[in-house]
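Me: I am new to this structure. Please show it, then take my questions one by one.

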Amino acid sequence: MPKTKFVDFRAVKSAITMEQVLTHYNLLDTFKRSGDSLSGPCPIHKGSNPTQFRVSISKNVWNCFSECKHGGNTLDFIARMDNVSIHAAALRAVEWFNLDPDAMSADSEQEAGESNGAAHTGDTPRPRPASQSPVLENVPPNKPLKFRLDKLERDHPSIAERGLTPETVAEFEVGFCGKGMMAGRIAIPIRNAEGAVVAYAGRWPGEPAEDTPKYKLPQGFRKSLELFNLDRAIKEPMGHPLIIVEGFFGAMTLYQHGCRKVVALMGSTMSAAQEELIRKNTNAHSQVIVMLDEDDAGRTGREDIAVRLARFVFVKVHVFAEDGRQPEQLNAEEVAQVCGGVQ
Ligand SMILES: [Zn+2]
């Protein structure tokens, strides 16, 4: 294949798998397989820690949580391994895997968009891929509420118990709800990116009985379309890292301790719509710190989230030293250590 030929990076990318690429480099045996992921020492910076480098087999993406602090797709991997451009990596892949060069050649229309891909090496900005999720198209947004829950008890002991100061309680407008749909619960307004309240979440104070859900959300509300605290987080400087936590109280606790650029997923997984919100509100130089709860759900979630976000921002995964820890339990000093050093 002549060097001047344009290749369609997307076609090459989707024609090969990470497993094939690792096999090509004789690396597959150095990785441990677990479910959908492969983990092992990073072959790019040649590290030794057996968990620093992860591959999602089904998504064909990789991430180095150590020195490289980088991740990407099959072509990014070849480019990094061989220290070549994405274009050269694509040409190599065509040759190595016997791909049909004609089927892989780009028409001139696609070439403009793909020039992004060529920049995706080294410290140059990441490409900003449009969302690949067709499910985003047909879901109507959550409508702003036409009412507010008033008479919420802001100084209820169940709120103070969670370590929130009166200032934080007032800022987030949370309060104990005496009657109505959220009766007996701490009501937490959820705002969309524009700051309009689209729902109230109701947190049962303390540990609920087995048949009582910890959280209650209004029927028809799609939490997968929102990121809690996004409206405030996006007012923070672009250069500050964005912290991603699971829950409302984790987000409010970090905010209270000065780490204001924080959003909560309202769960341990990231939806396609949430990914899109993050993509829209970051740039190619942005840093994101994924800080989920230190439990099985959190560990599974953060791996997937890190791999997906690494396609367009710099991602760091926060690992708590002890099992069971969560952001809500961090004191001011610990928050400053996690977020302060980089802000
Ligand atoms: Zn590495």
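**The zinc site and beyond**

Reply: The zinc ion is coordinated by Cys42 (SG), His45 (ND1), Cys64 (SG) and Cys68 (SG), at 2.0 to 2.3 Å. Donors here are N, O and S atoms within 2.8 Å of the metal (3.2 Å for Na, K and Ca); water is not among the atoms, so sites may look incomplete. This is a predicted model: local features need pLDDT of at least 70, side-chain atom pairs count only at pLDDT 80 or more, and totals for chains, interfaces and linings use all residues. Residues are numbered from 1 along each chain as its sequence is written, and side-chain values use heavy atoms, with hydrogens and water left out.

Me: Which arrangement do the four donor atoms around the zinc ion make?

Reply: Four donors count as tetrahedral if all angles lie between 85 and 135 degrees. Around the zinc ion the angles are 98 to 114 degrees, so the arrangement is tetrahedral.

Me: What spacing do the donors of the zinc ion follow along the chain?

Reply: The donors are Cys42, His45, Cys64 and Cys68. Along the chain their spacing reads C-x2-H-x18-C-x3-C.

Me: Is Cys68 buried or exposed?

Reply: Buried means under 20% relative accessible area, exposed over 50%, partly exposed in between (1.4 Å probe, protein chains only). Cys68 has 15% relative accessibility, so Cys68 counts as buried.

Me: What is the relative accessible area of Cys64?

Reply: Cys64 is another donor of the zinc ion. Cys64 is buried, because its relative accessible area is 0%.

Technical notes
Four donors count as tetrahedral if all angles lie between 85 and 135 degrees; four count as square planar and six as octahedral if opposite donors are over 155 degrees apart and all others between 65 and 115; anything else is irregular.
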